Amino acid sequence: MSQSTIAIIGIVLVIIIFLLRMPVAYAMGLVGMVGFALASSIEGSFRIVAKDIWATFSSYSLSVVPMFIFMGTVAFYSGTSGRLFDAAHKFLGRLPGGLALATVFACAGFGAMCGSTNAEAAAMGKVTLPEMKRYKYDDSLATGCVAAAGSLAIMIPPSTILILYGVMVQESIGKLFLAGILPGILLTILFALTIVILCRLKPGLAPPAAGSTWMEKLKSLSGIIEMLLLFVLVMGGLFVGWFTPTEAGAIGAAGALAIALVRRTLSWQGFWHALEDTTQITAMVFLIIAGATIFGHFMAITRAPFTLSEFVGGLSIPPMAVMLLIILLYLIGGCFMDSLALITLTIPILYPVITNLGFNPIWFGVIIVLVAEMGVITPPVGVNVYVIKGVAKDVPLQTIFRGIFPFLYAEIICAILLIIFPKIALFLPGLMK
Amino acid sequence: METFERFVKRISRFFDYVARFGVLAMMILVVANVILRIVWKSIVGTYDYVCIIGAVLVALALAYCGYKKGHIEIEILMSQLPERIQGIIGSIVNLLSLGFFSIVAWQLVLLGNEMRQKGETTMTLYLPFHPYLYLIAFCCGLLMLVILLQFFKSVGKAMGK
């Protein structure tokens, strides 16, 4: 059996085992280990498994993961989402669709503290949906906008997916974080425009809410100003090179904790839950990376990614057509598979193709995140939709899925803009020292 | 069965509690290092400590994450199948997982032995690596207990209980 055949069987097998509900991390580790043994030797394969697990677990660059996750969970349990929404509500509530707009901007703000889409969708859903229901917003618009805007968490730094991608392809996490800022803002604006257009076309979707005085508006800002300052400190420190990503994460977590303690918004129970969520998500992410590393070593020893890369490079089709095919593959894959699983499985195979075709890896990271954002809201596996369904139990699943479609178009427009103008993603990292 | 489940839950949760203190320890150490670097001088060996704390906290949290079904799974196909088939496939998948983690634990012990013999340590503080490899192997053992519990549940499902 040729090495390429072993690689292809390995890829097919790992997808089958995924579908049999073996945890993604175990499946990649297991198939990687068996595949490596077939392509090389059993002794080598056993050795690489232990070494990869040790190297992943004790990696300094990955220590950024628990720190930024802790920052997000503290923000989650200390009610930051509520304060952000309150401020946005005070400023935008009176406009047609104002509460939906407030939801989108509050999600963008919360995304600056939290790197996980489901955490953001859950946090924002709990705060925003009852309010939109009170003002008789259309269920489909209300749930669709919070499910879609919840995905901003992985584009606006800190982002779990960008960290994972950065570690896998050995790109600077600081640069990747900066690369996510402008596309994140662009996507926020596109989501807001989507709401404005929808409300212009059908004013009944979102009746205006009660107005606020300027005093109330200014007062609401005080609830979020310290969080914005913390974000500027963390990202600014990374940008000018004061901190490593791990240090930025630790300062962010300590800062979020200090703010919550001073404001008395975090109970002991909330603090303990924040720690619990941090250890759980960290263990999940590290084991996935370890599994993907083992699988990546199996792929590398078969030389399949390089063979694929040479093959694609030799084709007489333009690189952009290949890129569009890859994006399409991610879009379809994202409909059936968790984004984290899809990215860890495919990056070791596709990354050499991307670099060989001359695409910028930082830009590709942002594109991957954008496609992952589409994945979390598209049926049948759209995780955020199920999270929102958990919050809005009386709204049928089809209504939520119907609501996400206008926002999906906004994401597609964002992807097209990023392809035509890669500078949107690359401008800020280009300024980094 | 219930006693076994209670035991697995308690022991995996206990180690997760320890991991939570690891998160705090890492945060405090890194922040202290940044502050001291600005006002005086860095804490020697912060890099080594962060790597070790990271390895320990992840290992200790693995089993409870497994118990709480925190490791990502793809539900789309299996949720469509009858309970009994789900049970049969689940038992096979759990057996394969048990096999994988027993090899992982065994190989981590061997790697730990090798590192102990060679005297491999961290770069700055010369902390030996091998105790942490043994700890990860032990935590893989804990995760295997969780998988064993899930195996029993799947077998029960397959038998229509």
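Tyr26(A), Phe100(B) and Phe101(B) form one aromatic cluster. The model is predicted. Over all chains, the count comes to 23 aromatic pairs. One of them is formed by Phe46(A) and Trp106(B). Their ring centres are 5.6 Å apart and their planes stand at 75°, so the pair is edge-to-face. Phe46(A) lies in helix 3 of chain A and Trp106(B) in helix 3 (residues 83-118) of chain B, so this pair joins two chains. Phe46(A) has a relative accessible area of 16% and is buried. Trp106(B), at 47%, counts as partly exposed.

Trp54(A) and Phe129(B) form another edge-to-face pair, with 5.4 Å from centre to centre and 70° between the planes. This pair also crosses between chains. Trp54(A) sits in helix 3 of chain A. Phe129(B) sits in the loop between helix 3 and helix 4 (130-158) of chain B. Trp54(A) counts as buried at 7% relative accessibility. Phe129(B) counts as buried at 18%.

## Helix 3 against helix 14 in chain A

Helix 3 of chain A spans residues 42-57, and helix 14 of chain A spans residues 268-302. They pack at an angle of about 140°, with their axes 9 Å apart. Angles over 145 degrees count as roughly antiparallel. The two helices are therefore oblique to each other. Their crossing is right-handed.

From helix 3 of chain A, the contact residues are Ile48(A), Val49(A), Asp52(A), Ile53(A), Thr56(A) and Phe57(A). They meet Phe286(A), Leu287(A), Ile289(A), Ala290(A), Thr293(A), Ile294(A) and His297(A) in helix 14 of chain A. By class, the contact has nine nonpolar, three polar and one charged residues.

## Helix 9 against helix 18

Helix 9 of chain A covers residues 160-169, and helix 18 of chain A covers residues 361-375. Their axes are 10 Å apart, and the packing angle is about 140°. The pair is therefore oblique. The crossing is right-handed. Helix 9 of chain A contributes Ile161(A), Leu162(A) and Tyr165(A) to the contact. Helix 18 of chain A contributes Pro361(A), Phe364(A), Gly365(A), Val369(A) and Ala372(A). Seven residues of the contact are nonpolar, one is polar and none is charged.

## Helix 9 against helix 17

The axes of helix 9 of chain A and helix 17 of chain A come within 11 Å and cross at roughly 25°. These helices are therefore roughly parallel to each other. Their crossing is right-handed.

On the helix 9 side, the contact is made by Ile161(A), Leu164(A), Tyr165(A), Met168(A) and Val169(A). On the helix 17 side, it is made by Ser339(A), Leu340(A), Ile343(A), Thr344(A), Ile347(A), Pro348(A) and Tyr351(A). The residues divide into ten nonpolar, two polar and no charged. Ile161(A) and Tyr165(A) also belong to the contact with helix 18 of chain A.

## Loops around helix 9

The peptide bond from Pro157(A) to Pro158(A) is cis, with omega near 0°. Pro158(A) is found in the loop between helix 8 (139-149) and helix 9 of chain A. Gln170(A) is in the loop between helix 9 and helix 10 (173-201) of chain A. Gln170(A) is not a glycine, yet has a positive phi of about 55°. Gln170(A) counts as exposed, at 72% relative accessibility.

Lys136(A) lies in the loop between helix 7 (117-134) and helix 8 of chain A. Lys136(A) has a positive phi of about 60° although it is not a glycine. With a relative accessible area of 65%, Lys136(A) is exposed.

## Sequence separation and distance in space

Asn360(A) is placed in the loop between helix 17 (339-356) and helix 18 of chain A. Asn360(A) counts as partly exposed, at 32% relative accessibility. Asn360(A) and Leu426(A) are 66 residues apart in sequence and 8.8 Å apart in space, C-alpha to C-alpha.

Ile416(A) is in helix 20 (residues 397-420) of chain A. Ile416(A) counts as partly exposed, at 45% relative accessibility. Ile416(A) and Val262(A) are 154 residues apart in sequence, and their C-alpha atoms are 44 Å apart in space.

Technical notes. Residues are numbered from 1 along each chain as its sequence is written. Chains are lettered from A and ligands numbered from 1 in the order in which they are written. This is a predicted model: local features need pLDDT of at least 70, side-chain atom pairs count only at pLDDT 80 or more; totals for chains, interfaces and linings use all residues. Side-chain values use heavy atoms; hydrogens and water are left out. Axes are lines fitted to C-alpha atoms, for helices over the stretch in contact, and angles run from 0 to 180 degrees between N-to-C directions. Helices (H or I, at least four residues) and strands (E, at least two) are DSSP runs, numbered from the N terminus. Angles under 35 degrees count as roughly parallel, over 145 as roughly antiparallel, 65 to 115 as roughly perpendicular and the rest as oblique. A crossing is left-handed if the near helix is turned anticlockwise from the far one by less than a right angle, and right-handed if clockwise. Contact means heavy atoms within 4.5 Å. Ala, Val, Leu, Ile, Met, Phe, Trp, Tyr, Cys and Pro count as nonpolar, Asp, Glu, Lys and Arg as charged, and the others, Gly among them, as polar. Rings of Phe, Tyr and Trp (its six-membered ring) pair if their centres lie within 6.5 Å; planes under 30 degrees apart count as stacked, over 60 as edge-to-face and the rest as tilted. Buried means under 20% relative accessible area, exposed over 50%, partly exposed in between (1.4 Å probe, protein chains only).
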